[in-house]
Amino acid sequence: MPPNIARATQVSWIFTPTVTRTIPSHLPFLYPQQRSASILSGLSDNPTAYHKKIRRGRGPSSGKGKTSGRGHKGQKQHGKVPRGFNGGQTPDEVVHGVRGFENQFSLEMKPLNLEKIQSWVDQGRLNPAKPITIRELAKSRCISQVKDGVKLLAKGSEKLTSPLHIVTSRASATAIAAIEAAGGSVTTRYYTPASIERIIKGKTDPIHSLQSQISLPVEEPREEREYSIRLPDPTGRKDIEYYRDPAHRGYLSHQLEEGQGPSLFFKTPGIGKLVARKTRSKAASAAENRIW
């Protein structure tokens with residue numbers, strides 16, 4: 001027999017007591033929690049909080065059934081294949097060699113910071129009254145295993161107190177400014193790996209060559225004896241342009257005229273002679289082309 005809905009409603013209205021509860025405001029956890037049943041059915045974690053596991057070999061509906069995403073037969077299905085494997089044939093890296101990822105024209109410069117030079121001077125291992133070249137740096141063990149040259153860097157420039165006169169392969173702009181502010185000078189000149197070895201052995205002059213006009217304020221008079229092998233000068237365009245640049249304190253900067261740039265390819269505007277092109281009239285060219 002179905003329940004009497006009207007009677008049940010009437011009874012609940014008569015016997016329902018009205019109770020008023022006063023909960024302190026400083027105890028919010030005593031308030032009854034009210035949630036809807038729809039929230040519980042939609043609870044889930046953040047989409048990026050977990051990764052769904054791929055179930056392989058469990059039927060075609062997953063897209064990874066039967067062959068489990070490996071394809072049909074062969075070594076790639078049965079196991080792993082190393083990169084560049086050609087099935088036992090001679091690898092392409094052996095046949096053609098590995099190319100790229102290495103600059104064949106880069107130079108391996110030995111870095112040398114100002115703080116180390118000042119430390120050597122304070123210890124008495126370098127004499128600031130004489131020009132400091134690769135020979136002095138190598139003999140004092142300030143540098144070792146020099147390949148293509150030495151590059152002067154400005155780390156510890158605040159410790160530099162001695163006026164130094166240095167002849168090196170390359171120098172940063174900050175190092176040049178720091179040395180010149182201390183009353184010294186920087187000269188960059190060209191060296192080759194073979195010439196560096198001869199300079200350390202004392203067979204080659206470390207400063208002067210055929211094209212150089214280097215004059216140092218503390219330079220001693222050149223020795224009367226002749227070196228067995230002369231110091232080479234640059235022949236490549238990049239090297240010539242670097243040592244012609246006064247900003248690099250290059251030893252070939254004396255070859256530039258006033259206002260001329262160091263580039264051998266681009267001409268400086270306003271320098272050089274303008275050659276007027278000769279134009280021929282149409283009548284003269286037509287007369288030369290006549291047969292009779």
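Contact means heavy atoms within 4.5 Å. The model is predicted: local features need pLDDT of at least 70, side-chain atom pairs count only at pLDDT 80 or more, and totals for chains, interfaces and linings use all residues. Residues are numbered from 1 along each chain as its sequence is written, and side-chain values use heavy atoms, with hydrogens and water left out.

**View A. The buried residues of helix α5 and their cover.** Helix α5 spans residues 114–122, and its buried residues are Leu114, Ile117, Gln118, Trp120 and Val121. Buried means under 20% relative accessible area (1.4 Å probe, protein chains only). Helices (H or I, at least four residues) and strands (E, at least two) are DSSP runs, numbered from the N terminus. The cover of these residues includes β1 (109–113), β2 (149–153), β3 (165–168) and α7 (173–181).

**View B. Tyrosine 190 and tyrosine 243.** The structure holds four aromatic pairs; rings of Phe, Tyr and Trp (its six-membered ring) pair if their centres lie within 6.5 Å, and planes under 30 degrees apart count as stacked, over 60 as edge-to-face and the rest as tilted. The ring centres of tyrosine 190 and tyrosine 243 are 6.2 Å apart and the planes stand at 75 degrees, so this pair is edge-to-face. Because tyrosine 190 lies in the loop between β5 (185–188) and α8 (193–201) and tyrosine 243 in helix α9 (residues 237–244), the pair ties together parts that are 53 residues apart in sequence. Both tyrosine 190 and tyrosine 243 are buried.

**View C. The tyrosine cluster.** Ring pairs link Tyr190, Tyr242, Tyr243 and Tyr251 into a cluster. Both tyrosine 242 and tyrosine 243 are buried.

Notes: Buried means under 20% relative accessible area, exposed over 50%, partly exposed in between (1.4 Å probe, protein chains only).
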